[in-house]
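Morning, everyone. Please have the structure open on your screens. I'll walk through a few residues, then the cores and the open spaces.

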Amino acid sequence: MPEGHTLHRLARLHERRFAGSVVRVSSPQGRFADGAASVDGQVLERSEAHGKHLLHHYASGATVHVHLGLYGKFYDAELPMGEPIGQVRMRMVGGSGFGTDLRGPAACEVLTPPEVEALTDRLGADPLRGDADPARAFQRITRSRRAIGALLMDQSVIAGVGNVYRAEVLFRHEISPYRPGTSLEAALWQALWDDLVDLMPVGVATGRMHVVRPEHDHGEPSYAPDRPRTYVYRRAGAACRICGSTVLHAVMEGRNLFWCPGCQPD
């Protein structure tokens, strides 16, 4: 599932290509036909992301909410666009010479302002947003005995962090993913939050999650040819880049977890 930086990157791209002009919206697949018709021909005022949620705000007050889920993706093209390929839930065509097709999202719906407020109210602090409140996230963490590895993935606590950032930021701060939230000190939380605030914008700018410090960015290649190196993510069974311990894997609340028992002791 795309992490928060992907949605913020998309929001910025759509802001640049579509905001401020009339947008033609359709649903070639038909599943979003009524929603598309309700915003078709309107001016897209702005585009933003909150965690893993993309929001297109139209002049009428309506907002198109997209959650990509596991399989959703936008496919961009210069105009004129060809015939839709596959199951296109939403097609957007703007006045800047670009269009985009959305396929396979978990959600694509039109929300009213109160519904948008309800959505964002239930999301946690987003490290990529200037209005984020890390103190609120810390309160939720320290009131829970759930493992910090689970809490970082809880979108009602921190919005936008996924499996890669979860594994890597815990490694960078030598925190066991099994450590209870109640045991996390304020100074350590602030350092972890500040690191996310530094790391995630790099993902927005480059489209890649760069998490390994320059002095460690050597040796065994990444888990995939088109990905930067990681410390522990998808490196189960390999030697830790720092201490040489074997990187471990487990499943925590249904998601794959990677950590180094040497650098992140219980």
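Start with W259, which is found in strand β10. Helices (H or I, at least four residues) and strands (E, at least two) are DSSP runs, numbered from the N terminus. One note before we go on: this is a predicted model, where local features need pLDDT of at least 70, side-chain atom pairs count only at pLDDT 80 or more, and totals for chains, interfaces and linings use all residues. Residues are numbered from 1 along each chain as its sequence is written, and side-chain values use heavy atoms, with hydrogens and water left out.

Is W259 buried or exposed? W259 is buried, because its relative accessible area is 10%. Buried means under 20% relative accessible area, exposed over 50%, and partly exposed in between (1.4 Å probe, protein chains only). Now look along the chain. L248 is 11 residues apart from W259, yet their C-alpha atoms are separated by 5.5 Å. Leaving aside neighbours within four places in sequence, W259 is in contact (heavy atoms within 4.5 Å) with residues including P177, V232, H249 and Q264.

Next, R172. Find it in helix α6. R172 has a relative accessible area of 14%, so it counts as buried. What does its side chain make a polar contact with? The partner is the side chain of D195, at 2.7 Å. A polar contact is a pair of N or O atoms within 3.5 Å; within protein, one must be able to donate a hydrogen and the other to accept it, and residues adjacent in sequence count only if both atoms are side-chain atoms. Not counting residues up to four places away in sequence, R172 touches D195, L199, V211, R213 and Y231.

Now Q42, in strand β2 (residues 42-50). Q42 is buried too, because its relative accessibility is 15%. Beyond four places in sequence, Q42 is in contact with S21, V22, V23, Y58, A59 and S60.

On to the cores. A nonpolar core is a set of buried Ala, Val, Leu, Ile, Met, Phe, Trp, Tyr and Cys residues joined through side-chain atoms within 4.5 Å. The largest one has 37 residues. Among those with the most contacts inside it are I148, L152, W189 and V232. Two or more residues each come from α4 (134-142), α5 (148-151), α6 (163-172) and α7 (186-206). Which element gives the largest share? That is α7, with 7 residues. Another core lies apart from it, with 22 residues, among them L44, V64, V66 and L102.

Last, the open space. On a 1 Å grid over the protein atoms alone, a cavity is a set of points where a 1.4 Å probe fits but cannot get out; a pocket is an open set with protein on both sides within 12 Å along at least five of seven lines; lining residues have an atom within 4 Å of a point. Grid points are joined across faces, edges and corners, and a volume is the space filled by probe spheres set on the points.

The largest pocket holds about 630 Å³. Its lining has 22 residues, and M1, P2, T6, M209 and R227 are the closest to its centre. Helix α1 (4-18) supplies the largest share of that lining, 4 residues.

The whole structure has 1 cavity of 30 Å³ or more. The largest cavity contains about 50 Å³ of space. V164, M209, Y223, R227, P228 and T230 line it.
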